Amino acid sequence: MDEKILEIKNLSIEYPISIGIVQAVKDVSLDLHRGEALGLVGESGCGKSTLGLSILNMVRPPGKIVSGKIVYRGKDILSMRDREILKIRGQNIAMVFQNPLTSLNPLFRIDRQFLETIQQHEPDVPKKDALRRAERILDALGIEQKRLYEYPHQLSGGMRQRIMIGLGLIMNPDIIIADEPTTSLDVIVEAGFIDLLNKLRKEFNLSIILITHNLGLVAEIADRIAVMYGGAIVEEGTAEQIYHDPLHPYTYGLINCVPNINMDQQELITMPGNPPDLVNPPPGCRFEDRCPYVMDICKEQFPPLLSHRDGQKSACWLYKEKEAAPWKS
Amino acid sequence: MEELIRADNLTKEFPVQKSFVDLLLAGYKRQVVHAVDNISFNIMKGEVLGLAGESGSGKSTTGRLLLRLIEPTSGTILYKGRDITSFSTREMERLRERIQIVFQDPNSSLNPRMSVGAAIAHPLQIHKIGNSREQKGMVLSLMEKVGLTPADFLYKKYPHQISGGQSQRVVLARALITNPEFIVADEPIAMADVSVRALILELMKKLKSEFNLTYLFITHDLATAKYLCDRIAVMYLGRIVEMGSRDELFLHPHHPYTKALLEAVPIPDPRQRRREEVVRGEIPSAIEPPPGCHFHPRCSHAISKCKSHRPPLREITPRHLSACILDG
């Protein structure tokens, strides 16, 4: 588990627009270990999807990676030539997107979509062998083999989502990046998807980056969680630390503002205010105007992400002097 | 408690549209989607009834039927004892002052060319309540109550200039401006961000007691339903399969579908990770739903009788109803 498979180092991504520059991702560093499921959590506009895209250097213009490195097996993906990246995409690192209907080609049967992926990476594989591989993947996903010869519109939403995972897995990658993979699914189908992902993870020793705003989903899957807010990681730790002993006030608010079906909640914690404007943001902490524990320094200086205890990191000035979170006393 | 709304044997079928070529090739065969299939329930004054289920279960159609935004195929809807399915257009118009709806996506329910103030005041104009100065005063004071502050400033803003959370507040304010007593809330938080959801839920709770409201709260998220609702009805393929008080339903779920739904809800706590696998499969088509109990193809307890008999919704403990043959 200790082997680092992917390292994101000081990554910053900007989108120049007419009224200024959007700092979508600011100085993010993150590691992914072999066999680990990492949750990337945050609300819309926090930069989590942009960060996910940047791993395969797929940030669309005018978005630009202005600094940083993404090191996969000792090599920086961002300085690779297109041809090298194409080899990694799909073969070593695969991506599963939110909406399977827009990711699958409606004009091609499922078998053709699998063939295309396989032949992209291994042009010499005979069609028969390639199809056999696709059939085996379908078995693992719990889909009947005959579905291979149907079109996307003939499949249900849950099946399409599983096909997307299958296309991601067909080249036996090390890493799967799943961006809101269950948003279009119903709860029961979603639960089936979670079971499947956990099963495949063990079977293929996969590393997973799960990008989501769904705190229930991430609690079911992730070993480690990074919480993003306003383009930066505000806290990072094990799932246990994030849910039961958060340090950053934003994490605390986020975890406690969701209804939990196993609890009797009288009131939810609410965080008034809006996420920050990322066009020319102020110099201080980006959560400063919504934070109940705000201090003078928070308005002036951007808090760095620092280690606190047992690998838990937080970007908050509160812990410059103190040890315990303010809501603990 | 007084009964506010009662639906009896409510049914809605939508005809399936077919292309001309299909008709030529396959011949004419009238097909319908059984969106709502003979359901009955009531809502007490001051109560929050939750309508839960997966997509395609008919919960939104039920909400629209109650307000006669779509006409039922059969069945009656009693509002304070009077059957509104036979109301004239004029009578319905007057009634709409008292019954309102909030939709899922605030952005598509607001006219992009109408300012916040104009949008909230619009129902007042339609129902001819007050002159324009009085209307502005009412709008501003309601904006304060729903947290659209500073009200003066936001009054002149357009939907694209405000945040998603604020848009949902505008939609709520617009529904409340005519001082209704019943609100159908159709997934009002589904599109919102996590932190905004909590704010809207808390606001809806506050407004309920302040304006003495009754809600029909439509949601696919049982955790939210548990948080807000007094009583919950679970729908599956157009039918209510179980209905009971919040505590009854969550502590003693009866119907296998309710149990499956409850097991599937992801818990935002890594200490409570689910260990067992859930029911497989997906909700079947409502065009030709499975005969008998609609849930039998996915149910692990199904017996042969389930395939032929529609189980009636019957009381198993006081005020707790379930539609499963095995209950009896």
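A:V59 counts as buried, with 21 C-beta neighbours inside 10 Å; a residue needs 20 or more such neighbours to be called buried. The structure is a predicted model, and A:V59 lies in the loop between α1 (48–54) and β4 (64–72) of chain A.

**The surroundings of A:V59**

- Leaving aside residues up to four places away in sequence, A:V59 touches A:I13, A:T50, A:L53, A:S54 and A:I65.
- A:M164 is 105 residues from A:V59 along the chain, and the C-alpha atoms of these two residues are separated by 20 Å.

**A buried strand in chain A**

- Strand β3 of chain A covers residues 37–41; five of its five residues are buried, so the strand is largely enclosed by the rest of the structure.
- Both faces of β3(A) are covered, with buried A:A37, A:G39 and A:V41 on one side and buried A:L38 and A:L40 on the other.
- β3(A) pairs with strand β8 (residues 207–212) of chain A in the parallel sense, over five bridges.
- Within this pairing, A:G39 stands opposite A:L210 in β8(A).
- β3(A) also pairs in the parallel sense with strand β9 (residues 224–229) of chain A, over four bridges.
- Here A:L38 stands opposite A:R224 in β9(A).

**A buried strand in chain B**

- Strand β10 of chain B covers residues 239–245; six of its seven residues are buried, so this strand too is largely enclosed by the rest of the structure.
- Strand β9 (residues 231–236) of chain B pairs with β10(B) in the antiparallel sense over six bridges.
- β9(B) and β10(B) form a hairpin with two residues between them, and B:L237 in the turn has a positive phi of about 45°.
- The bridge partner of B:V234 in β10(B) is B:E242.
- β10(B) is also joined by two bridges to strand β12 (residues 320–322) of chain B, and these two strands run antiparallel.
- B:E242 has a bridge partner in β12(B) as well, namely B:S322.

**Two packed helices in chain A**

- Two packed helices are described by the angle between their axes and the distance between the axes.
- Helix α6 (residues 157–169) of chain A packs with α7(A) at an angle of about 15°, and their axes are 10 Å apart.
- Because angles under 35 degrees count as roughly parallel, α6(A) is roughly parallel to α7(A).
- The crossing in which α6(A) passes α7(A) is right-handed.
- On the α6(A) side, the contact is made by A:G157, A:G158, A:Q161, A:R162 and A:L169.
- On the α7(A) side, the contributing residues are A:V189, A:G192, A:F193, A:L196, A:L200 and A:F204.
- By class, the residues of the contact of α6(A) with α7(A) are six nonpolar, four polar and one charged.

**The contact between chains A and B**

- In this interface, 37 residues of chain A are in contact with 33 residues of chain B.
- α7 (187–204), α8 (215–221), α9 (239–244) and α10 (249–256) of chain A each supply at least two residues of the side of chain A that touches chain B.
- α7(A) gives the most to this side of chain A, with eight residues.
- The side of chain A that touches chain B has 19 nonpolar, 12 polar and six charged residues.

Key
Residues are numbered from 1 along each chain as its sequence is written. Chains are lettered from A and ligands numbered from 1 in the order in which they are written. This is a predicted model: local features need pLDDT of at least 70, side-chain atom pairs count only at pLDDT 80 or more; totals for chains, interfaces and linings use all residues. Two residues are in contact if their C-beta atoms, placed from the backbone, lie within 7 Å. Ala, Val, Leu, Ile, Met, Phe, Trp, Tyr, Cys and Pro count as nonpolar, Asp, Glu, Lys and Arg as charged, and the others, Gly among them, as polar. A residue is buried if 20 or more other C-beta atoms lie within 10 Å of its own, exposed if 12 or fewer, and partly exposed in between; C-beta atoms are placed from the backbone. Two strands pair if DSSP finds at least two bridges between them. Axes are lines fitted to C-alpha atoms, for helices over the stretch in contact, and angles run from 0 to 180 degrees between N-to-C directions. Angles under 35 degrees count as roughly parallel, over 145 as roughly antiparallel, 65 to 115 as roughly perpendicular and the rest as oblique. A crossing is left-handed if the near helix is turned anticlockwise from the far one by less than a right angle, and right-handed if clockwise.
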